[in-house]
Amino acid sequence: MDNARLEELFESLGPIAIRKLFGGKGIYCDGVIVAVVVRDELMLKADEETIPDFEAAGCKQWTYAGSRHGKEVAMPYWSVPDEAFDDPDEMAVWARRAYEAGRRAGKQSG
């Protein structure tokens, strides 16, 4: 997914920064991570408040096999509902959820 498409998808949040992360890309708004692109798939930040919304929309959580014990490791990022890719208003709702989850995560570490 190219940077111009990412900027288009997240334009409802305002300017975003795109940086290399996890062998893919990290998408940031106001210094808050809102999404990642891994293996060419856009994944939005989620937390305990927003995970039920992602589950209800049929989204999948990013997991990978851990290198130490081969156990599945779940990351706090979820796939984007298909309809959000074609509907800017729908994408704005999901982008805002991801931004708020990122903000809450930042407050926990401080």
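These questions and answers walk through a predicted model of one protein chain.

Residues are numbered from 1 along each chain as its sequence is written. In this predicted model local features need pLDDT of at least 70, side-chain atom pairs count only at pLDDT 80 or more, and totals for chains, interfaces and linings use all residues, while side-chain values use heavy atoms, with hydrogens and water left out.

User: In what order do the elements of the protein chain run from the N terminus on?

Analyst: Helices (H or I, at least four residues) and strands (E, at least two) are DSSP runs, numbered from the N terminus. The protein chain has four helices and six strands. From the N terminus on, the order is α-β-β-β-β-α-β-β-α-α.

User: What radius of gyration does the protein chain have?

Analyst: The radius is taken over C-alpha atoms, and the globule rule is 2.2 Å times the number of residues to the power 0.38. Those C-alpha atoms fill a box of roughly 40 × 30 × 30 Å along the principal axes. For 110 residues a compact globule would come out near 13 Å, and the protein chain agrees, with 13 Å.

User: What percentage of the 110 residues in the protein chain is buried?

Analyst: Buried means under 20% relative accessible area, exposed over 50%, and partly exposed in between (1.4 Å probe, protein chains only). The buried share of the 110 residues is 38%.

User: Among contacts between residues at least 6 apart in sequence, what share joins residues at least 24 apart?

Analyst: Contact means heavy atoms within 4.5 Å. Counting contacts in the protein chain between residues at least 6 apart, the share that joins residues at least 24 apart is 45%.

User: Which class does the pair of W62 and Y64 fall into?

Analyst: Rings of Phe, Tyr and Trp (its six-membered ring) pair if their centres lie within 6.5 Å; planes under 30 degrees apart are stacked, over 60 edge-to-face, and the rest tilted. By this rule there are four aromatic pairs. The W62 and Y64 centres are 6.3 Å apart and the planes stand at 45 degrees, so the pair is tilted.

User: Which residue has its charged end over the ring of W94?

Analyst: W94 forms one aromatic cluster with F54 and W78. A charge sits over a ring if NZ of Lys or CZ of Arg is within 6 Å of the ring centre and within 35 degrees of the ring normal. R19 does this over Y28, 4.1 Å from the ring centre. Over W94, at 4.4 Å from the ring centre, the residue is R97.

User: How many disulfides does the structure hold?

Analyst: A disulfide is a covalent bond between the sulfur atoms of two cysteines. Here it is taken as a pair of cysteine sulfur atoms within 2.5 Å. The number of disulfides is zero.

User: Which side chain has a polar contact of 2.6 Å with that of D47?

Analyst: D47 lies in the loop between β4 (41–45) and α2 (51–56), and is buried at 14%. Beyond four places in sequence, D47 touches A101 and R104. A polar contact is a pair of N or O atoms within 3.5 Å; within protein, one must be able to donate a hydrogen and the other to accept it, and residues adjacent in sequence count only if both atoms are side-chain atoms. At 2.6 Å, the partner side chain is R104.

User: Which residues does T50 touch, not counting those up to four places away in sequence?

Analyst: T50 also sits in the loop between β4 and α2. T50 is buried, at 5%. The residues it touches are R97, A101 and R104.

User: Which residue's backbone oxygen lies 2.7 Å from a polar atom of the Q61 side chain?

Analyst: Q61 is in strand β5 (residues 61–65) and is partly exposed at 30%. Beyond four places in sequence, its contacts are M43, A74, M75, P76, Y77 and W78. The backbone oxygen at 2.7 Å belongs to M75.

User: What phi does D30 have?

Analyst: Most residues other than glycine have a negative phi. D30 lies in the loop between β2 (24–29) and β3 (32–38), and is exposed at 64%. Though not a glycine, D30 has a positive phi of about 55 degrees.
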